[in-house]
Amino acid sequence: MAPCRSWSELPKELISYIAKCLDTRTDVLRFRAVCCSWRASVPLPPKSPKLPMHFSLPVNDPRKPIVSAVISQTVVYRIAQPGFHAHPNRKSCFIRVEETEQENKFRLVNPFSERLIKHMPANFPKEINHLNFRVEELTKGFSIRLLKDDGSSDLHDNNFWTRKLKLASDFDSSYKAISISSGQLRRARLDTYTADIHWCSLDTAVHYRDITNFDGKFFMVNIYGVILGMDESFYTLDEVHTSLEQKDWECERYFVESCGHLYLVVRDFLICPTLVQYNYTLDAFMTEAKDANVPVKFKVYKRIPSGDQRSRFCWVEVNDLGDRAFFVSTDCSFSFLTRDYTGCGGNCIIYVDEIDNVERLRKFEPIEADNDKEGLKQLKNGKVRLYNLADQSSAPLALFPHYLDMFWPPPTWLKWDQGPSNA
């Protein structure tokens with residue numbers, strides 16, 4: 001029998017080949033940290049895109065028509081205890097962070113909104129060493145924040161300028177992006193010499209609900225369910241899909257990428273047309289119901305090859321997600337595997353109920369602070385819910401402790417005294 005060889009003795013060519021198969025910068029950093037020979041064989045991955053990025057932004061204010069702003073990136077990570085797959089009883093959690101201009105420095109973001117956490121949990125670590133945990137990058141998001149006069153960003157300001165922002169896959173060279181602002185679809189290009197951002201409306205006739213990147217394209221869906229696929233480089237339409245529902249109706253829609261496929265999750269308001277209406281001025285769904293006790297129904301569609309040369313792809317309805325669960329909200333969406341978690345059965349959608357209340361607007365009542373010392377408002381008021389695709393039931397996430405523990409609060413096994421920080 002040949003003697004066992006150390007991982008550090010792998011040929012340099014094989015190490016380089018393995019590194020090229022890694023999908024994210026996080027994976028490469030963890031790969032390099034295994035040993036000195038691996039670190040010497042694989043170069044440090046560049047930070048891409050080059051964010052945060054500062055630019056000038058025109059606003060409708062005669063006193064100050066140009067303001068300074070910054071594009072920032074947020075990342076959702078799954079962090080698991082060592083030996084998680086070997087011992088399923090060990091737990092994992094999701095955290096969402098916003099990258100800062102300081103290398104490897106982050107700010108904690110509310111997992112259910114786009115706002116930064118104001119009151120940090122007492123047990124949340126000041127440092128997280130990637131080597132002490134299994135770290136998986138689930139999804140990325142982007143936001144635009146105003147800058148104060150002293151150059152700092154408003155940590156508690158929401159994404160005031162856009163409802164959704166997506167950067168092109170080659171943003172480092174093209175500086176192209178696409179956004180939804182007040183329901184309108186816009187394309188943008190950042191001028192790196194003048195630090196100006198140039199916006200151009202793509203469609204002002206109808207409001208859009210979500211955008212994403214997939215397969216080298218921007219995908220966008222409007223309020224009536226029409227899906228467009230646009231080439232990232234030239235902004236040319238490659239795919240046009242009419243509404244997937246039998247009747248055009250104003251519904252909430254979310255893109256989700258899962259297992260290399262693109263899905264569309266639709267919250268169907270056709271089952272309660274008198275309870276929920278879309279307000280075009282506020283770009284939001286509204287209800288008169290004081291307790292927001294609105295019937296809930298979701299549909300899920302999957303993009304697959306059609307076999308038709310004229311239309312290479314089509315969307316089909318799926319009724320079973322298997323052992324996966326989807327998380328959807330206005331700000332970010334992702335999927336995750338549930339079979340390794342005790343008490344989590346999969347085939348469900350965790351969603352943030354973002355229907356606003358008409359009565360609150362009539363009384364000019366402010367939206368609650370995103371979080372306080374007692375926790376996140378979306379959990380306290382039951383706005384984060386779980387929908388079961390099998391029986392079409394919906395209930396507050398707080399009633400499902402195994403799922404709730406993945407999101408909030410951060411688990412006690414995250415310690416601050418873990419040694420040198422890699423995140």
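Visitor: Before the details, what counts as a salt bridge here?
Guide: A salt bridge is a side-chain nitrogen of Lys or Arg within 4 Å of a carboxyl oxygen of Asp or Glu. Please note that the model is predicted.

Visitor: Which residue does glutamate 252 form a salt bridge with, and how far apart are the closest N and O atoms?
Guide: The partner of glutamate 252 is arginine 163, and their closest N and O atoms are 3.5 Å apart.

Visitor: Where do glutamate 252 and arginine 163 lie?
Guide: Glutamate 252 belongs to strand S14 (residues 252-258), while arginine 163 sits in the loop between strand S5 (134-146) and strand S6 (164-167), so the pair ties together parts that are 89 residues apart in sequence.

Visitor: Are those two buried or exposed?
Guide: Glutamate 252 and arginine 163 are both buried.

Visitor: And lysine 299, what does it form a salt bridge with?
Guide: Lysine 299 forms one with aspartate 268, with 3.9 Å between the closest N and O atoms.

Visitor: Which residues do salt bridges that share partners join into one network?
Guide: That network consists of Arg163, Arg209, Glu252 and Asp283.

Visitor: What about glutamate 98? Which residue is its salt-bridge partner?
Guide: Glutamate 98 pairs with arginine 107, and the closest N and O atoms are 2.8 Å apart. Glutamate 98 counts as buried because its relative accessibility is 0%. Arginine 107, by contrast, is partly exposed, with a relative accessible area of 25%.

Visitor: How many salt bridges are there in the whole structure?
Guide: A search of the whole structure finds 14 salt bridges.

Visitor: Changing topic to the open sheet of 5 strands: what is the strand order?
Guide: The order is S21-S20-S22-S26-S27, and the pairing is mixed.

Visitor: Which strands stand at the edges?
Guide: Strand S21 (333-337) and strand S27 (393-396) do; each has a single partner strand, so one side of each is left without a neighbour in the sheet.

Visitor: What is the average twist from one strand to the next?
Guide: The twist averages 20° between one strand and the next.

Visitor: How many bridges join strand S26 to S27?
Guide: Strand S26 (residues 384-388) is joined to S27 by 4 bridges, and the two run antiparallel.

Visitor: Which residue in S27 stands opposite asparagine 388?
Guide: Opposite asparagine 388 stands serine 393, in S27.

Terms used. Residues are numbered from 1 along each chain as its sequence is written. This is a predicted model: local features need pLDDT of at least 70, side-chain atom pairs count only at pLDDT 80 or more; totals for chains, interfaces and linings use all residues. Side-chain values use heavy atoms; hydrogens and water are left out. Buried means under 20% relative accessible area, exposed over 50%, partly exposed in between (1.4 Å probe, protein chains only). Two strands pair if DSSP finds at least two bridges between them. Axes are lines fitted to C-alpha atoms, for helices over the stretch in contact, and angles run from 0 to 180 degrees between N-to-C directions.
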